[in-house]
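My entries follow in the order I made them.

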Amino acid sequence: MVDLQTQYQHIKAEVDKGINEVIESAAFIKGPKVAQFQANLEEYTGAKHVITVGNGTDALQIALMALGLKPGDEVITPTFTFIATAEVVALLGLTPVVVDVDWETMNISIEGIRKAITPKTKAIVPVHLFGQCADMEQIMSIAREYDLYVVEDACQAIGAEYTFSTGVKRQAGTMGHIGCTSFFPSKNLGCYGDGGAIFTNDDELAQKMKAVANHGCFVRYHHDFVGVNSRLDSIQAAILDAKLPHLNEYIAARQRAAAYYDKAFANNAHILIPGREAASTHVYHQYTLRLINVNRDAVREQLAALDIPAMIYYPIPLHLQKAYQDPRYLPGDFPVAERLAACVLSLPMHTELDEEQLQYITRNVLEIINK
């Protein structure tokens, strides 16, 4: 699904230099490489504050902890997403309220958000799924109308750009009160271990989140509230700082691969290519097809036999997961998410895909589906 080894070979000198500088300095935790990467990521995203943390799940948890929400407060999030989005809500004693998604973009349904708001609703966590932003103009409008926080889960969409109707352009993760991202190795900007970051333009929230991530400390050994221990280590920061200048070219490579897939599959009655959010660019963390009147699992097995990996993101919506079963939600309540879970298939998508590989993948997908 990804080719990190070939990508590394192209930037080996830059990555090795950064790692060696950290080892020679022995500044492994909170060293200058971390501060340098944070500053460079602020410049890239336009966020006023970037706070690096241990992983994307930590980023989401720390963001919600900083908002001062109370047990029982409701947080709206899509049911078709990775489990971490609801997991951190539940871990904090908050109430996850899941809603359906849009069939085309697979992002959170605006109508679903409006229907889910109650007097207990305190926040919305939209997920920028597979690499494109949710409809942030409408989400921010709803948030202002009901005085809600917005925490963007941009773990799959770093580098995606959203254009508001006013013409203002903003990067994924920088439009809500807080944005979160992950640097898991397979992400568009990935390290060689775990890592994550939080974005905000709010000075007070930035200070609070820095303290939350550092055991609840504003001043060393003075713990003002219960926090956590979450940080990006210096070696991972050095790797990310070496890769950041290449992020736009990585995005462009993914977009070229997606365009190739689009063209190959455009006129097939059994394949729907990814729908696009009109206001957002797409950075293609995943390229996810919807297969119609096809045995999706059989297609995946046949592709695997040809050494073509394909993944199912996500086979079970949150409201049907055992850990999150809730009497409020029954099978059939979120028909779009349930239909997507039964028909989505993600093809290889990474920066190193060449035309020969793309031809091999698309030819075999079409042969299998057209049998």
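I started with Glu352. It is buried (under 20% relative accessible area; over 50% is exposed, and in between is partly exposed, with a 1.4 Å probe and protein chains only), yet Glu352 has no salt bridge. I take a salt bridge as a side-chain nitrogen of Lys or Arg within 4 Å of a carboxyl oxygen of Asp or Glu. The nearest side chain of opposite charge is Arg254, 8.6 Å away. For that search Lys and Arg count as positive and Asp and Glu as negative, while His and the chain ends are not counted.

Which side chain does Glu352 join in a polar contact? I found His10, at 3.2 Å. A polar contact is a pair of N or O atoms within 3.5 Å; within protein, one must be able to donate a hydrogen and the other to accept it, and residues adjacent in sequence count only if both atoms are side-chain atoms. Glu352 sits in the loop between strand 14 (344–347) and helix 13 (355–369). Helices (H or I, at least four residues) and strands (E, at least two) are DSSP runs, numbered from the N terminus.

A note on ground rules. The model is predicted, so I keep local features to pLDDT of at least 70 and side-chain atom pairs to pLDDT 80 or more, while totals for chains, interfaces and linings use all residues. Residues are numbered from 1 along each chain as its sequence is written, and side-chain values use heavy atoms, with hydrogens and water left out.

Backbone next. Most residues other than glycine have a negative phi, and most peptide bonds are trans. I noted the exceptions below.

Tyr313 and Tyr314 are joined by a cis peptide bond, with omega about 15 degrees. Tyr314 lies in the loop between helix 11 (296–305) and helix 12 (335–343).

Ala26 has a positive phi of about 60 degrees and is not a glycine. I placed Ala26 in the loop between helix 2 (12–25) and helix 3. Ala26 is partly exposed, at 49% relative accessible area.

Asp147 also shows a positive phi, near 55 degrees. Asp147 is in the loop between helix 7 (136–146) and strand 5 (149–153). Is Asp147 buried or exposed? Exposed, at 69% relative accessible area.

Then salt bridges. Side chains of opposite charge can pair when their charged atoms come close. I count 10 salt bridges in the structure.

Asp16 and Lys12 pair at 2.8 Å, N to O. They are 4 residues apart in helix 2, so about one helical turn separates them. Asp16 is partly exposed at 22%, and Lys12 is partly exposed at 35%.

Lys48 and Asp203 pair at 2.9 Å, N to O. This pair links distant parts of the chain, with Lys48 in the loop between helix 3 and strand 1, and Asp203 in helix 8, 155 residues apart. Lys48 is partly exposed at 46%, as is Asp203 at 40%.

Arg290 and Glu104 pair at 3.6 Å, N to O. Arg290 is in strand 13 (residues 287–291) and Glu104 in the loop between strand 3 (95–99) and helix 6 (110–116), 186 residues apart. Arg290 is buried at 1%, whereas Glu104 is partly exposed at 39%. I also logged one network, in which salt bridges that share partners join Lys17, Glu21 and Lys33.

On a 1 Å grid over the protein atoms alone, a cavity is a set of points where a 1.4 Å probe fits but cannot get out; a pocket is an open set with protein on both sides within 12 Å along at least five of seven lines; lining residues have an atom within 4 Å of a point. Grid points are joined across faces, edges and corners, and a volume is the space filled by probe spheres set on the points.

The largest pocket holds about 470 Å³. Its lining has 26 residues, and the closest to the centre are Phe82, Gln156, Ser182, Phe184 and Lys187. Helix 4 gives the largest share of that lining, 3 residues.

The second largest pocket holds about 300 Å³. Of its 15 lining residues, Lys30, Val34, Gln38, Ile51 and Thr52 are the closest to the centre.

I found 1 cavity of 30 Å³ or more. The largest cavity has a volume of about 50 Å³. Its 13 lining residues include Arg254 and His350, both among the closest to its centre.
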